[in-house]
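Please look at the sequence and the model first.

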Amino acid sequence: MKYAIIGTGWIAKAFADGVKISEGFSPFAVYSRSQEKGEDFARSVGAEKVFTNLEKMASDKEIDAVYIASPNAFHYKQSKLFLEHGKHVICEKPITVEPEEFEELFLLAKSKKLVYTEAIMMMHFPNRILLENAIKRIGKVSSARVDFSQLSSKYPALVRGENPNIFNPEMATGCLMDLGIYNVYFALYYFGKPEKITSTAHFLETGADALGTAVFHYPDKQITLTYSKVGQSRTATEIYGDEGTIAVESISKLVNITLYSNDGKGEIIAGDTEKEEVMSYEAKDFFRYIREYDLCRSEYENCADFSLQVSRIMKEIRTQNSMKYSSKK
Ligand SMILES: NC(=O)c1ccc[n+]([C@@H]2O[C@H](COP(=O)([O-])OP(=O)(O)OC[C@H]3O[C@@H](n4cnc5c(N)ncnc54)[C@H](OP(=O)(O)O)[C@@H]3O)[C@@H](O)[C@H]2O)c1
């Protein structure tokens, strides 16, 4: 199995390390807009080939699959190119900007018996099941506060007047697309589809959302999602049941999970795990879906269904707050 990487950021390195842990091999090729940067990155991950032309990389007969870690606005176009050339695709979150784009590419992949999936750690990491079982132990859940507030490392650049990709709507980024997607995945996975969603967003001068809230309304519960790229949370996400409370330090990695009984005693459900190891599970599943395409069909399609539902909810929140981001076609 030979796979290629698009993008040379830290997340691409973490994924390559995750593949090394789970599959024992390095990427075959790397794409960068710059030959020099591509060579440096290839050296750091042990890749043989560097491309500065995406069409040429997509046409390379030796490549079976690609991991896409470019800015969000490029996900649709790049995924389509590689699927059209018969390559399996795992693409960083959000897999596409619009849910309709995901539906189109999922059908394209299906028609070619290719795997096309979103790189979302929680859908593949076993801690997901540990948390699911822990939730069953805290009685009737009527509310939760699902938070992902992480002060961006690019915030100082923004304050200096620069235009980092992560705060540039041209790149289809901003807080909801970058962090809020994890809140949506978490709420949808653990509490199901809400009856109604209400939401707010607060914008930067660049036009990107700096932070937001969304409330998922259910007949028997209310789940509040908060996300911010301009402030750092020091408390955890909390799920409140009538027989206990669960605290989750990170909803993206699903680590450091503690169950508290009503007398305040804490029981550790899961400790910490390094990012590369968490990512190794999504990488392992991606290659398993490719190798055992028919056997893994329902598992793979279940992940695709989540991607689509999450994308539709993100679109609803964007519409409620007049946020318009477009893909590069
Ligand atoms: N799973 C996770 O935990 C996680 C964490 C962080 C990010 N992500 C996702 O990973 C993706 C990349 O995020 P990032 O923060 O790494 O993005 P980024 O640093 O802005 O860009 C990633 C790479 O894309 C290329 N690139 C940058 N600007 C570009 C432009 N204007 N046109 C074309 N290519 C460009 C660069 O590679 P070259 O200069 O070498 O071409 C860069 O290394 C996003 O979809 C994000 O949501 C996921």
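The text below treats the overall fold, the domains, the ligand site and a group of paired strands.

**Overall fold.** The model is predicted. The protein chain contains 10 helices and 14 strands. Its radius of gyration is 20 Å, close to the 20 Å that the globule rule gives for 329 residues, so the protein chain is as compact as a globular protein of that length. Along the principal axes, the C-alpha atoms of the protein chain fill a box of roughly 60 × 45 × 35 Å. Of the 329 residues, 47% count as buried. When contacts between residues at least 6 apart in sequence are considered, 66% of them join residues at least 24 apart.

**Domains.** The protein chain is divided into domain 1, residues 3-122, and domain 2, residues 126-272. The C-alpha centres of domain 1 and domain 2 lie 27 Å apart. Their contact takes 9 residues from domain 1 and 12 residues from domain 2. On the side of domain 1 that touches domain 2, there are 7 nonpolar, 1 polar and 1 charged residues.

**Ligand site.** The ligand is surrounded by 19 residues, and the closest are Thr 8, Gly 9, Ser 32, Glu 92 and Asn 165. By class, the shell around the ligand divides into 5 nonpolar, 9 polar and 5 charged residues. Both domain 1 and domain 2 give residues to this shell, so the ligand lies between them.

| Strand pair | Sense | Bridges | Residues between the strands |
|---|---|---|---|
| β11 and β12 | antiparallel | 5 bridges | 2 residues |
| β12 and β13 | antiparallel | 6 bridges | 4 residues |
| β13 and β14 | antiparallel | 4 bridges | 4 residues |

Strand β11 covers residues 237-241 and strand β12 residues 244-250. Between these two strands, Tyr 240 has Thr 245 in β12 as its bridge partner. Strand β12 also pairs with β13, where Val 248 stands opposite Ile 257. The turn of the β12 and β13 hairpin holds Leu 254, which has a positive phi of about 55°. Strand β13 spans residues 255-261, and strand β14 spans residues 266-270. Here Thr 258 stands opposite Ile 268 in β14. In the hairpin of β13 and β14, Gly 264 takes a positive phi near 95°.

Key: Residues numbered from 1 in each chain as written. Predicted model: local features only at pLDDT ≥ 70, side-chain atom pairs only at ≥ 80, totals over all residues. Near = placed C-beta within 6 Å. Nonpolar A, V, L, I, M, F, W, Y, C, P; charged D, E, K, R; others polar. Domains from an automatic or database assignment. Rg over C-alpha atoms; globule rule 2.2 N^0.38 Å. Buried ≥ 20, exposed ≤ 12 C-beta atoms within 10 Å, placed from the backbone. Contact = placed C-beta atoms within 7 Å. Pairing = 2+ DSSP bridges.
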